[in-house]
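Me: I would like to learn how to read a structure feature by feature. Please give the general idea each time, then the case at hand.

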Amino acid sequence: VMANAGAFTQAYGYWEARYKYCASPGINNSFWMASTSGKGTDIWYEIDICEGHYMNKMNTNLHETATSSNIKQHSETYRSQYDLSPDYHTYGLQWTPEYLYYYFDGVLVHTTKNVLNNTKDPEEAFARLSSAVLSWAGTITHKADGTAQVVDYVRIWQRKSDMEHTTINPYTHTIVPVEAKA
């Protein structure tokens, strides 16, 4: 897990990690970010770029709150036809003031409107990579012993202000106009 004390923080940009899932059910393999104030305060948010509860699923989540008792969640699940644990895969997020674009191996898999509490001037977030043993992530067995989420890299880009209405495709390093959303 990346600690938040003195860690790199940023609002917006492209966030990407390349890693292998832990090859065991019952493990939550996560690449996520949280506002620097964190849970327990009146206003916080969490963006899960990838929560891999099962070895063939990628969950994307946006948790936001206006008060500590009013938590809203915006989620989507990408299901793979194969086990994601044997190979490295890239999980990415293009975070803009208007939208969040989630990527799996360079392919856009989910888009959601940015509904964070303070979109005009969001609190910066710090990146986290974590693995956790959780009963709702599958049956916990001895297969978890000796397995690990293996991280190849984490990359975070910041957008220039004059590029506010473009999407950066990090796989080709080209700038692609963002289509207007209704």
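Me: Which residues do ring pairs link into a cluster?

Reply: Keep in mind that this is a predicted model. A pair of aromatic rings is described by the distance of the centres and the angle of the planes. Here, ring pairs join Y19, Y21, Y78, Y91 and F104 into a cluster. The structure holds 10 aromatic pairs. One of them is Y21 with Y91, which is stacked, at 5.9 Å centre to centre and 15° between the planes.

Me: Where in the chain do Y21 and Y91 lie?

Reply: Y21 is in the loop between β2 and β3 (27-35), while Y91 is in strand β7 (residues 89-95). The two are 70 residues apart, and the pair links distant parts of the chain. Y21 is buried, because its relative accessible area is 2% and the cut-off for buried is under 20%. Y91 is also buried, at 0%.

Me: How are Y78 and F104 paired?

Reply: Y78 and F104 form a tilted pair, with 5.0 Å from centre to centre and 35° between the planes. Y78 belongs to strand β6 (residues 70-79) and F104 to strand β8, so the pair ties together parts that are 26 residues apart in sequence. As for accessibility, Y78 is partly exposed, with a relative accessible area of 29%, whereas F104 counts as buried at 4%.

Me: Which residues touch the most other members in the largest nonpolar core?

Reply: In soluble globular proteins, nonpolar side chains tend to be buried together. In this model the largest nonpolar core has 25 residues, and F31, I47, Y91 and W95 touch the most other members. At least two residues of this core come from each of β2, β3, β4 (45-52), β5 (57-67), β7, β8 and β10 (125-133). The largest share, 4 residues, is supplied by β4.

Me: Which strands does β2 pair with, and in what sense?

Reply: In a regular strand the side chains alternate between the two faces of the sheet. In this structure β2 pairs with β7 in the antiparallel sense over 7 bridges. β2 also pairs with β11 in the antiparallel sense, over 7 bridges. On the β7 side, W15 stands opposite L93. On the β11 side, R18 stands opposite Y153. β2 is mostly covered, with 6 of its 8 residues buried.

Me: How many salt bridges does the structure hold?

Reply: The structure holds 1 salt bridge. The side chains of D152 and R18 meet in it, at 2.6 Å from N to O.

Me: What lies over the face of Y153?

Reply: R155 lies over the face of Y153, at 3.8 Å from the ring centre. Y153 is the residue that R18 stands opposite in β11.

Me: How many disulfides are counted?

Reply: A disulfide is a covalent bond between the sulfur atoms of two cysteines. The count here comes to 0. On accessibility, C22 is buried, with a relative accessible area of 3%, and C50 is buried at 0%.

Me: Which residues other than glycine have a positive phi?

Reply: Among them are Y12, with phi near 70°, and D105, with phi near 50°. Y12 lies in the loop between β1 (9-10) and β2 (13-20), and D105 in the loop between β8 (99-104) and β9 (107-113). Is each buried or partly exposed? Y12 is buried at 17% relative accessible area, whereas D105 counts as partly exposed at 33%.

Me: What separates the C-alpha atoms of Y12 and P97?

Reply: The C-alpha atoms of P97 and Y12 are separated by 7.2 Å, while the residues are 85 apart along the chain. P97 is in the loop between β7 and β8. P97 counts as partly exposed, at 21% relative accessibility.

Terms used. Residues are numbered from 1 along each chain as its sequence is written. This is a predicted model: local features need pLDDT of at least 70, side-chain atom pairs count only at pLDDT 80 or more; totals for chains, interfaces and linings use all residues. Side-chain values use heavy atoms; hydrogens and water are left out. Buried means under 20% relative accessible area, exposed over 50%, partly exposed in between (1.4 Å probe, protein chains only). Rings of Phe, Tyr and Trp (its six-membered ring) pair if their centres lie within 6.5 Å; planes under 30 degrees apart count as stacked, over 60 as edge-to-face and the rest as tilted. A charge sits over a ring if NZ of Lys or CZ of Arg is within 6 Å of the ring centre and within 35 degrees of the ring normal. A disulfide is a pair of cysteine sulfur atoms within 2.5 Å. A salt bridge is a side-chain nitrogen of Lys or Arg within 4 Å of a carboxyl oxygen of Asp or Glu. A nonpolar core is a set of buried Ala, Val, Leu, Ile, Met, Phe, Trp, Tyr and Cys residues joined through side-chain atoms within 4.5 Å. Two strands pair if DSSP finds at least two bridges between them.
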